[in-house]
Structure formats: structure tokens, C-alpha cells
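Colleague: I would like to learn how to read the strands, the sheet and the chain contact in a model like this one. Please start with the terms.

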2 protein chains.
Amino acid sequence: MRKGTLLVLSGPSGSGKGTLVKEYTEKHEDVFVSVSATTRNPREGERYGVNYFFLTVDEFKKKIEENGFLEYAQFCENYYGTPRESVEKKLAEGMDVILEIDVQGALQVKENCPEAVLVFTLPPSYEILRERLIGRGTESMEVIEKRLSAATEELRQAMKYDYIIVNDKIEVAAEELGAILVASKCKKENNIDFIKEF
Amino acid sequence: MRKGTLLVLSGPSGSGKGTLVKEYTEKHEDVFVSVSATTRNPREGERYGVNYFFLTVDEFKKKIEENGFLEYAQFCENYYGTPRESVEKKLAEGMDVILEIDVQGALQVKENCPEAVLVFTLPPSYEILRERLIGRGTESMEVIEKRLSAATEELRQAMKYDYIIVNDKIEVAAEELGAILVASKCKKENNIDFIKEF
């Protein structure tokens with residue numbers, strides 16, 4: 001059985017990475033989107049196992065000790081992490097797995113799983129990113145400016161990624177995501193056993 | 001204007017690389033398939049500019065001196081080469097270009113154009129390659145055995161390629177070829193200017 005591809009997707013707030021994953025998974029059933037674990041409290045409407053696995057700090061720390069995360073980090077007192085078991089199980093079954101995580105987590109995953117494919121998504125321009133964040137109308141200008149400066153910082157890390165998807169038209173971006181998954185399976189590195197057997 | 005992708009396709013005789021290119025180009029008009037130049041005599045039915053550009057030895061040598069080939073080689077007294085000008089023109093116009101050439105030529109191209117994407121195509125197994133060559137019914141067993149031993153030799157070079165396409169179902173193989181072209185455009189290395197501008 002051929003292993004699935006582990007695809008890590010990052011991008012600044014406003015890059016539309018959530019919409020991109022949704023667009024892709026609606027058309028492709030053979031992909032598993034990992035759900036993160038967190039110690040922060042659920043917000044209204046958030047459901048266990050759908051938005052996050054909500055854990056206590058003790059539960060989270062126990063899982064860290066058991067090497068139960070592919071990556072984890074602490075932000076503002078709260079822990080966030082990618083549960084290892086479900087991801088490895090799906091990959092072993094030959095399913096592709098998408099992790100939608102931040103840059104710091106993505107680079108941890110790449111260190112632990114060098115075969116992971118890192119994709120960074122961006123809007124077509126800085127101005128459009130700014131407009132998208134303002135257009136949401138849910139955040140103060142102060143928060144927006146903070147997000148923009150975080151985006152600039154993250155962008156430096158984009159140079160460590162394998163692929164860039166410019167998220168302009170969502171159907172095109174989703175097609176590119178699919179192409180990256182298909183092309184990854186064709187990579188020489190993933191076919192060495194086949195060549196040797198041949 | 002974004003440059004096109006230079007895709008080099010190789011594979012042993014019987015790997016179906018010609019059929020693969022045909023299948024892909026029938027569905028995609030925005031790709032240019034380069035026509036090689038040769039000093040060998042045209043076979044029956046072969047047309048100038050369609051199968052090959054048929055040149056005299058003097059014409060070919062002059063073109064070599066003018067740096068007019070992306071790659072060239074001599075086999076059994078005859079020269080074969082990829083004319084540089086048309087390829088570079090199409091790439092500059094943003095068109096993808098496919099070169100269907102042998103391993104030796106492919107590695108020359110990679111040396112001259114490191115951004116070229118090298119794809120090696122193979123049938124699902126050695127037995128199927130053998131059956132395909134016998135099934136053609138056009139060659140003696142001696143020639144077939146020679147082709148098979150050449151294939152084994154070429155296979156060693158496949159490790160220097162970027163991608164492997166297992167040519168089992170032609171539609172799947174053509175889809176993979178397309179995915180490799182799309183994914184290549186998304187490669188970080190091909191988006192550094194965009195990231196910097198952003």
C-alpha cells in the first residue's frame with residue numbers, strides 16, 4: 001500500500017487558507033483534514049472534534065510526554081498541537097492528509113517528517129490582504145495592523161516552504177493544491193522502490 | 001509575463017512517452033512540443049518540421065557553432081539536437097514546452113537550464129515493457145533484447161530525474177503530466193519575485 005502525502009498548509013490570516021481547504025475537500029473525498037488539539041476554551045458554536053479537540057492542560061501535557069503530537073506550541077497561555085496518531089494512521093492507509101497550521105508548527109513537522117510537502121498561501125497582493133482583513137468588519141484597526149505585521153514576519157518563513165499558492169480565484173487555487181498532491185506522488189524520491197524493483 | 005515551464009520527458013522505447021505527449025497536447029493547446037533536428041534521412045511518411053527538421057551535416061555543425069542547440073548528440077553517424085531558439089521564444093511567451101528526448105540529452109538540458117523539470121516515464125513493470133515491445137511485432141527478438149538492455153541502462157539515470165510517471169492508464173498518466181506542470185509553477189523557487197514584491 002502506497003503511503004499518502006502529508007501536506008502542510010500555512011498562510012497569513014486573510015490568505016483564505018480555510019476556504020481553500022474547504023473548496024478542495026468538497027470535491028475530493030480521499031483526503032483527511034487533521035483537527036488540532038488545544039487547551040483554550042471553546043468559543044460559541046465550536047464543537048469537540050470538529051473545530052478542535054479541547055483538552056485540559058494536564059491532558060495536553062500528558063500527550064506531549066507520550067510523544068503524541070507531530071508539532072505543538074504555546075500561544076498566550078494556551079497550547080495548540082497536531083495529534084500524531086490519526087495523521088499517521090490515515091497516511092498509512094494511503095490517504096492524503098492536510099494540516100492547516102502556522103509557520104512555526106509547519107517547520108516542526110518538516111523536521112519530524114522530511115517527506116512532508118509545505119505549501120504557503122497568499123492573496124495576490126499586500127493591498128488585497130489588507131482589504132480582506134478590513135472587509136471582515138470583525139476586528140479593530142489595531143488588530144488588523146497586528147495581523148498585517150505578523151503576515152510580513154511569516155512571509156520571511158515562506159522561503160522555507162516547497163510551494164506557494166497565490167489565492168486569487170479559489171477554483172484555480174484548489175486545482176493547484178490538487179496538482180501539488182498529484183505531482184508529489186510522482187516525485188522521484190517517492191518512487192525509488194518502484195525503480196529498484198523495475 | 002511569467003515564463004513557461006520547460007518539461008523534459010524521457011523513457012525507454014515502449015514506455016509510451018509519445019502517446020502520453022499526444023494525449024496531453026490534444027487536451028491542452030497552451031503547450032509547445034519541440035521538434036528535434038537530425039542529419040539522418042527522412043523515413044517514408046516523415047515530414048520536415050513535423051517529425052524532424054532534416055538538416056545536412058554542414059548545416060547541423062554550423063548550428064552547433066552558433067550555440068543553436070539546447071542539447072545535441074551523435075548516434076550511429078547521425079546527429080540529433082533540440083533547436084534552442086523556438087524553445088526559448090515559447091518559454092518567454094509564457095508557454096510550457098515539452099521536449100521528448102533521451103536521457104543523455106535530458107541531462108544536458110538540465111545542466112544548461114537548471115529550472116527544467118525532468119520527467120521519466122515507465123510502464124508498470126518490466127514484463128509489461130517486454131510485452132509491449134514484442135506486441136508491436138515490428139522488431140526481431142534481437143532488437144527487442146537490445147532495447148530492453150538499453151532500458152535497464154537508462155533506468156539508472158532515472159534517479160537523476162525529478163519525477164517518475166508510471167504509464168499504466170494513459171488518462172491518469174496525462175493528468176499526472178499536467179499536475180507536474182501546474183505544481184512546477186507553484187514551486188517556491190519560481191515565486192521568489194512574487195514573495196519579495198509582496
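Modeller: Helices (H or I, at least four residues) and strands (E, at least two) are DSSP runs, numbered from the N terminus, and two strands pair if DSSP finds at least two bridges between them. This is a predicted model, in which local features need pLDDT of at least 70, side-chain atom pairs count only at pLDDT 80 or more, and totals for chains, interfaces and linings use all residues. Residues are numbered from 1 along each chain as its sequence is written, while chains are lettered from A and ligands numbered from 1 in the order in which they are written.

Colleague: Take a bridge in chain B. Which residue is the bridge partner of B:Q74 in β6(B)?

Modeller: Strands of a sheet pair through backbone hydrogen bonds, either parallel or antiparallel. Here B:Q74 has B:Y79 of β6(B) as its bridge partner. The pairing of β5 (residues 69-75) with β6 (residues 78-83) in chain B is antiparallel and has six bridges. Two residues lie between the strands of this hairpin, and B:C76 has a positive phi near 45°.

Colleague: What is the strand order of the open sheet of five strands in chain A?

Modeller: The order is β2-β7-β1-β8-β9, and the pairing is parallel. Strands β2 (31-33) and β9 (163-166) are the edges, each pairing on one side only. Neighbouring strands are turned by 25° against each other on average, direction ignored; axes are lines fitted to C-alpha atoms, for helices over the stretch in contact, and angles run from 0 to 180 degrees between N-to-C directions. β2(A) and β7 (residues 96-100) share three bridges, with A:V31 partnered by A:D96. Helix α1 (residues 17-27) of chain A packs on this sheet, touching β1 (6-10), β2, β7 and β8 (117-122), and its direction makes about 160° with that of β7(A). Contact is counted if the C-beta atoms of two residues, placed from the backbone, lie within 7 Å.

Colleague: How are chains A and B related?

Modeller: Two copies of a chain are related by a rotation about an axis and a shift along it. A rotation of 180° with 0.0 Å of shift along its axis superposes chain A on chain B, at RMSD 0.0 Å. In chain A, A:A179 has the C-alpha nearest the axis, 2.1 Å from it. Of the contact residues of chain A, 100% recur in chain B.

Colleague: Which elements of chain A give two or more residues to the side that touches chain B?

Modeller: The contact takes 25 residues from chain A and 25 residues from chain B. On the side of chain A, the elements are α6 (141-158), β9, α7 (170-186) and α8 (192-197). The largest share, seven residues, comes from α7(A).

Note on methods:
Copies are superposed by least squares on the C-alpha atoms of residues with pLDDT of at least 70 in both.
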